[in-house]
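Please examine the sequence and the model shown here.

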Amino acid sequence: MAEQFDGKVALVTGSGNGIGRATALAFAREKARIVVSDIDAEAGEETVRMIQGLGSEAIFVKADVGEESDIRALVEAAVKAYGALDCAVNNAGIEGEVLPIADNPVENWERVLRINLTGVWLSMKYEIRQMLKQGGGAIVNMASIEGLIAFPGASPYVAAKHGVNGITKTAALELMQANIRVNSVCPGFIDTAMVDRIKTPVPELEAVISMSPAGRKGRPDEIAEAVIWLCSDKASFVSGHTLTVDGAYVVQ
Ligand code: NAD
């Protein structure tokens with residue numbers, strides 16, 4: 001699969017860290033031109049340097065995925081820099097506070113929904129407008145196993161990720177005739193700062209992971225490879241799909 005994205009333009013939100021950065025680097029190895037975006041400029045600029053170190057091209061555009069004006073400007077910047085938008089990975093997300101519903105502040109609910117669900121919807125809205133102009137494209141939205149099953153204490157996150165899978169399927173139906181494929185990926189527990197931050201009230205998380213079928217967390221690059229395949233022409237008849245990448249967690 002060497003250099004299958006040569007000359008293609010790929011946008012990855014939340015690519016300053018974790019799964020987003022691994023995805024941006026995977027596109028770089030395939031010689032795509034990459035638009036790195038994050039709310040954290042320092043982290044995003046570091047990803048750009050890592051991409052350049054692999055001999056590929058990238059720009060950084062700061063954007064908060066929950067702000068419509070930021071997303072409009074992000075897609076405009078991508079097209080201004082590289083003339084097109086072939087692949088978009090809507091990855092930015094937060095874990096929010098883990099609390100039972102009865103104790104969960106509405107501010108936490110609204111923040112998680114704004115970034116994890118509205119952020120994906122807004123990103124798709126402007127990416128789709130550009131892809132319609134060009135006559136095609138591929139979008140991958142980052143959901144989670146929490147978009148398939150529930151975890152106690154994670155009601156806003158679970159709601160948002162179920163929503164991401166729902167709007168992915170809706171977009172796939174709206175856009176198949178327009179040569180735009182839309183899929184989602186549902187990672188299990190992956191070794192990033194996000195999982196490290198989830199400390200309370202689930203101190204048993206590490207035990208849950210070690211007792212899972214894989215007995216370990218996934219690596220960010222194991223998610224990136226699934227994203228890359230969904231964006232590639234090898235997945236030309238795959239749209240509206242929810243691809244679980246979780247070391248058999250949800251089937252146990
Ligand atoms: P991470 O915290 O390592 O990275 C997330 C990135 O998103 C950070 O660089 C952060 O600055 C950025 N970000 C946060 N809010 C933003 C905003 N409003 N606008 C733009 N960027 C923003 O997390 P990760 O583990 O790499 O998670 C990436 C995605 O994968 C998220 O959508 C997450 O829900 C999903 N996911 C992660 C796991 C896991 O176990 N790590 C499992 C399932 C799904």
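**Aromatic rings, cores and a cavity**

One aromatic cluster is formed by Phe151, Phe189 and Tyr249. The model is predicted, so that local features need pLDDT of at least 70 and side-chain atom pairs count only at pLDDT 80 or more, while totals for chains, interfaces and linings use all residues. Residues are numbered from 1 along each chain as its sequence is written, and side-chain values use heavy atoms, with hydrogens and water left out.

Across the whole structure, a search finds 4 aromatic pairs. Rings of Phe, Tyr and Trp (its six-membered ring) pair if their centres lie within 6.5 Å; planes under 30 degrees apart count as stacked, over 60 as edge-to-face and the rest as tilted. The pair of phenylalanine 5 and phenylalanine 27 is edge-to-face because the ring centres are 5.2 Å apart and the planes stand at 80 degrees. This pair links distant parts of the chain, 22 residues apart: phenylalanine 5 is in the segment before strand 1, and phenylalanine 27 is in helix 1 (residues 18-29). Helices (H or I, at least four residues) and strands (E, at least two) are DSSP runs, numbered from the N terminus. Phenylalanine 5 is buried, at a relative accessible area of 2%, and phenylalanine 27 is buried at 0%; buried means under 20% relative accessible area, with a 1.4 Å probe and protein chains only.

The rings of phenylalanine 151 and phenylalanine 189 are also edge-to-face, since their centres are 5.8 Å apart and their planes at 85 degrees. Phenylalanine 151 lies in the loop between strand 5 (137-142) and helix 5, and phenylalanine 189 in the loop between strand 6 and helix 6 (193-197), so the pair ties together parts that are 38 residues apart in sequence. Both phenylalanine 151 and phenylalanine 189 are buried.

Which residues have the most contacts inside the largest nonpolar core? They are Val35, Leu74, Met124, Ile139, Val182 and Phe189, in a core of 45 residues. A nonpolar core is a set of buried Ala, Val, Leu, Ile, Met, Phe, Trp, Tyr and Cys residues joined through side-chain atoms within 4.5 Å. Helix 4 supplies the largest share of this core, 9 residues. Another core, of 33 residues, lies apart from it and includes Ala28, Ile34, Cys87 and Cys231.

Helix 4 (residues 106-134) also gives the most to the lining of the largest cavity, with 4 residues. The whole lining consists of Thr13, Val65, Asn90, Ala92, Ile115, Gly119, Val120 and Ser123. A cavity is a set of points on a 1 Å grid over the protein atoms alone where a 1.4 Å probe fits but cannot get out, and lining residues have an atom within 4 Å of a point.

Methods
On a 1 Å grid over the protein atoms alone, a cavity is a set of points where a 1.4 Å probe fits but cannot get out, and a pocket is an open set with protein on both sides within 12 Å along at least five of seven lines; lining residues have an atom within 4 Å of a point. Buried means under 20% relative accessible area, exposed over 50%, partly exposed in between (1.4 Å probe, protein chains only).
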